[in-house]
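Subject: Structure handover

Hi,

Here is the structure I promised to pass on. Have a look first, and my notes on what turned up follow below.

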Amino acid sequence: MRVLSGIQPSGRLHLGNYFSMMRRMIDYQAKTDLFAFIASYHATTTVNEGAVLREGILNAAIDFLALGIDPDKCTFWVQSDVPEVTELAWILSTSITVSQLELAHSYKDKVAQGIVASAGLFSYPVLMAADILLFGAQKVPVGKDQKQHLEITRDIAQRFNNKYGEVFVVPEPDILKDTELVPGVDGRKMSKSYNNAIYFFADEKELKKSVMSIVTDSKGVQEAKDPDASVLFQIYSLFLDPAGREELADKFKTPGTGYGDLKKALLAQVLETFAPFRKRRADLLADIDSVMDQLQIGARKARAVAQPYLERAREATGLAYRKK
Ligand code: TRP
């Protein structure tokens with residue numbers, strides 16, 4: 001099965017990104033034909049500075065490679081290294097109406113947040129459809145916020161196929177469940193924009209500060225604590241198997257361990273879990289040439305799949321007029 005997803009190069013990764021998205025990707029990488037890319041074109045709808053985007057792309061690449069995205073086991077590339085996708089986006093743009101795009105929540109939300117309502121931001125879902133259809137993806141794992149974009153993709157694929165014949169695979173969404181959401185230090189969904197994120201590649205001092213700021217009730221050391229009502233328990237549990245979770249729940253329920261101690265233990269756990277990734281990230285930072293090489297190989301692999309799909313679209317639409 002071919003699984004595809006794109007990730008915007010939007011700054012530092014936090015535990016929410018890791019446990020909801022990255023781990024799912026690594027899992028798919030082991031079990032399916034995974035296509036994963038850094039959505040650099042999409043990022044230009046919000047990033048308006050060359051140096052910032054350049055650095056964002058590179059950092060995202062390094063982070064994903066450090067966390068285990070393996071170019072030998074999947075196809076991993078930077079979106080704008082396969083410019084065929086912009087041609088397909090044009091071709092697809094005539095298979096969706098303006099009024100349908102006007103209904104997109106994501107567009108309206110972004111404009112409400114003050115992002116410039118550019119033509120690019122408006123047609124963002126068309127480019128996303130091109131990302132997916134250009135590679136014949138069957139399944140697309142995304143967060144709930146992208147659900148409507150996938151419906152638009154399916155619509156575009158169906159409408160194109162109806163007009164021109166069966167060219168595109170109509171993809172199935174794989175939407176993350178609410179129960180899989182990771183809470184931030186304040187108990188709301190972990191998100192950069194809520195300022196409640198734990199950035200696992202931060203230095204130890206910053207990490208400690210974030211972990212210590214996880215909200216708790218005011219139960220003292222000698223009181224029993226309720227794990228089911230605890231954000232600290234929820235975050236800590238992400239790192240544990242069922243037996244470890246049992247054990248942690250017992251610690252909560254048995255008087256004698258304070259929240260401060262539990263937070264210290266969580267900090268140690270975070271540091272331990274990410275130590276090998278941190279090491280790999282440092283190695284990659286020290287060898288940017290190898291990162292560039294891996295991205296180039298990835299782009300080549302992606303292009304080899306993209307070009308035949310684009311060619312079929314060109315033929316179906318008549319753009320490839322030299323063909324019979
Ligand atoms: N819009 C997605 C997001 O912000 C990123 C993205 C771009 C994407 N193209 C994609 C995700 C194609 C899945 C498939 O999260």
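Let me start with arginine 12, which is partly exposed at a relative accessible area of 42%. (Buried here means under 20% relative accessible area, exposed over 50%, and partly exposed in between, using a 1.4 Å probe and protein chains only.) Its side chain meets that of glutamate 206 in a salt bridge, 3.0 Å from N to O. By salt bridge I mean a side-chain nitrogen of Lys or Arg within 4 Å of a carboxyl oxygen of Asp or Glu. The pair links distant parts of the chain: arginine 12 sits in the loop between strand 1 and helix 1 (15-31), while glutamate 206 belongs to helix 10 (residues 204-212), 194 residues apart. Glutamate 206 also counts as partly exposed, at 30% relative accessibility.

Before I go on, some housekeeping. This is a predicted model, so local features need pLDDT of at least 70 and side-chain atom pairs count only at pLDDT 80 or more, whereas totals for chains, interfaces and linings use all residues. Residues are numbered from 1 along each chain as its sequence is written, and side-chain values use heavy atoms, with hydrogens and water left out. Helices (H or I, at least four residues) and strands (E, at least two) are DSSP runs numbered from the N terminus.

More on salt bridges: the structure holds 14 of them. One joins the side chains of arginine 24 and aspartate 174, at 3.4 Å from N to O. Arginine 24 lies in helix 1 and aspartate 174 in strand 5 (residues 172-175), so this pair ties together parts that are 150 residues apart in sequence. Are the two partners buried or exposed? Arginine 24 counts as buried at 17% relative accessibility, and aspartate 174 is buried at 17% too.

Arginine 188 pairs with aspartate 186, their closest N and O atoms being 3.1 Å apart. Here arginine 188 is partly exposed, with a relative accessible area of 43%, and aspartate 186 is partly exposed at 30%. There is also a salt-bridge network that links Glu87, Glu311 and Arg314.

Which side chains come up to a nitrogen atom of the ligand? An N or O atom in the side chain of tyrosine 124 is 2.7 Å from one, a polar side-chain atom of aspartate 131 lies 2.7 Å from one, and for glutamine 146 the distance is 2.9 Å. On its own the ligand has 360 Å² of accessible area, and the protein covers 89% of that (Shrake-Rupley method, 1.4 Å probe).

Last, asparagine 161, found in helix 9 (residues 147-164). Asparagine 161 is buried, at 6% relative accessible area. Its side chain reaches the backbone nitrogen of valine 167 at 3.0 Å. Leaving out residues up to four places away in sequence, asparagine 161 touches Glu166, Val167, Phe168 and Val170 (contact means heavy atoms within 4.5 Å).

Cheers

Note on methods:
A polar contact is a pair of N or O atoms within 3.5 Å; within protein, one must be able to donate a hydrogen and the other to accept it, and residues adjacent in sequence count only if both atoms are side-chain atoms.
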